[in-house]
Amino acid sequence: MIYDHILSTVGNTPMIRLQLEEFEHIHLYAKVECFNPTGSVKDRAASYVIKKLLENKEIDQNTTLIESSSGNFGISLSAYCKLSGLKFICVVDPCISPVNEMLIKSFGAEVIKVTTPDENGGYLLNRIRKVKQLVEEIDNSYWVNQYGNPYNAEAYYYSLGREICNDMDQLDYIFLGISSGGTITGVSRRVKEKFPEVKVIAVDIIGSVIFGHPPLKRYIPGIGSSMVPDILNHSKIDHVVMMDEVTTIRMCHELLERHNIFAGGSSGSAYGAIKKYFKENPVVKQDRPIHVVTVLPDRGERYCNNVYNDEWCKDFMEHHAEKKEI
Ligand SMILES: Cc1ncc(COP(=O)(O)O)c(C=O)c1O
């Protein structure tokens, strides 16, 4: 197959069977999203949001897009804005990894770094304030707002959700990591149309406030949030598994050792959540195996300064040993 552009290869990622020896009645399948053109699931959201905004004339060729993101969404938006000839300003904070900052700039976006912590000790509130200030100041500008933009969830309904439905003949459980809530909102709605009995399990990280838990400092980017996303109101979630970062790191290492998958932090969280859930809720043998799907949102390279840095991990494990759960 020949494509016009590398960025048009978004989607149609492989679904991989993973052997889970300790759960013989479970067949686990993982959608491996690092196969997207800029390396993460967020290419689905960025490409779709920009397409819809242009189609519906909510923006035009002279609009400046603005978003607060230090991670995958910032990278994806900068790539797809460049493709569409749109200006993009990415508001980041000092926690951004050097590789992510370099990628966002390389795709041509302007990076504005907020350096003053907000009243919660983090940067989120000040990043959002900066975005709002820029929208006020810049004529014909548009805040993408992944936490509240319905196109973010719609992207996953029409792409990832549809593909999972096409990939699977049976689906009993789906485990999805959560940050802006776009993935789980779109995918949960789609899979429940084909598989009304499927259990949708949200995977969040301790320290995230999405499901009413207290805010705590988090070290691994990509999963969790310091605010409750509005788009989640439309999701269909049956259960939540809260993971800790120590277990997340161990599960990333296990994905690599056992399954040869070099994945990002939230993939370790999702994989660990599956093991934790079925240890606490064992499945009894039925006349057919239980089919479980998860999504591995990105690849390990973006976590070389934490999850895959031996010294960082040793230090982190020593200081956060009490968080060990599985
Ligand atoms: C690595 C990774 N995992 C999971 C997610 C969660 O996806 P969503 O924002 O759609 O909830 C993201 C989102 O940025 C991510 O970058």
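Me: Between which domains does the second largest pocket lie in this predicted model?
Reply: The lining of the second largest pocket takes residues from both domains of the predicted model. Because each of the two domains gives residues to that lining, the pocket lies between domain 1 (6–35 + 158–319) and domain 2 (42–143).

Me: Which residues are the closest to the centre of the second largest pocket, and what is the volume of this pocket?
Reply: The second largest pocket is lined by 18 residues. Those closest to its centre are V10, S47, Y48, K51 and Y80. The volume of the second largest pocket is about 310 Å³.

Me: Which helix gives the most to the lining of the second largest pocket?
Reply: At least two lining residues come from each of α1 (42–55), α2 (72–84) and α5 (150–167). The greatest contribution to the lining, 6 residues, is that of α1.

Me: How many residues in the lining of the second largest pocket are charged?
Reply: Sorted by class, the lining of the second largest pocket holds 8 nonpolar and 6 polar residues. The charged residues in this lining number 4.

Me: What is the volume of the largest cavity, and how many of its lining residues are charged?
Reply: The largest cavity has a volume of about 30 Å³, and its lining consists of E67, S68, I128, W143, N145, Q146, Y147 and M227. By class, 4 of these residues are nonpolar and 3 are polar. The number of charged residues in the lining is 1.

Me: In which sense do β4 and β5 pair, and what handedness has the β-α-β unit that they make with α3?
Reply: Strand β4 (residues 87–92) pairs with strand β5 (residues 110–113) over 4 bridges, in the parallel sense. Together with helix α3 (residues 98–106), the strands β4 and β5 make a β-α-β unit that is right-handed.

Me: Which residue in β5 is the bridge partner of V91?
Reply: The strands β4 and β5 are joined by 4 bridges. For V91, the bridge partner in β5 is I112.

Me: Is K279 buried or exposed?
Reply: K279 belongs to helix α8, which spans residues 265–280. The relative accessibility of K279 is 57%, and the cut-off for the exposed class is over 50%. K279 therefore counts as exposed.

Me: How many Å apart in space are K279 and N149, C-alpha to C-alpha?
Reply: Along the sequence, K279 and N149 are 130 residues apart. In space, their C-alpha to C-alpha separation is 36 Å.

Key. Residues are numbered from 1 along each chain as its sequence is written. This is a predicted model: local features need pLDDT of at least 70, side-chain atom pairs count only at pLDDT 80 or more; totals for chains, interfaces and linings use all residues. Side-chain values use heavy atoms; hydrogens and water are left out. On a 1 Å grid over the protein atoms alone, a cavity is a set of points where a 1.4 Å probe fits but cannot get out, and a pocket is an open set with protein on both sides within 12 Å along at least five of seven lines; lining residues have an atom within 4 Å of a point. Grid points are joined across faces, edges and corners, and a volume is the space filled by probe spheres set on the points. Ala, Val, Leu, Ile, Met, Phe, Trp, Tyr, Cys and Pro count as nonpolar, Asp, Glu, Lys and Arg as charged, and the others, Gly among them, as polar. Domain bounds come from an automatic or database domain assignment. Buried means under 20% relative accessible area, exposed over 50%, partly exposed in between (1.4 Å probe, protein chains only). Two strands pair if DSSP finds at least two bridges between them. A crossover is right-handed if, with the strands pointing away from the viewer, the path from the first strand over the helix to the second runs clockwise.
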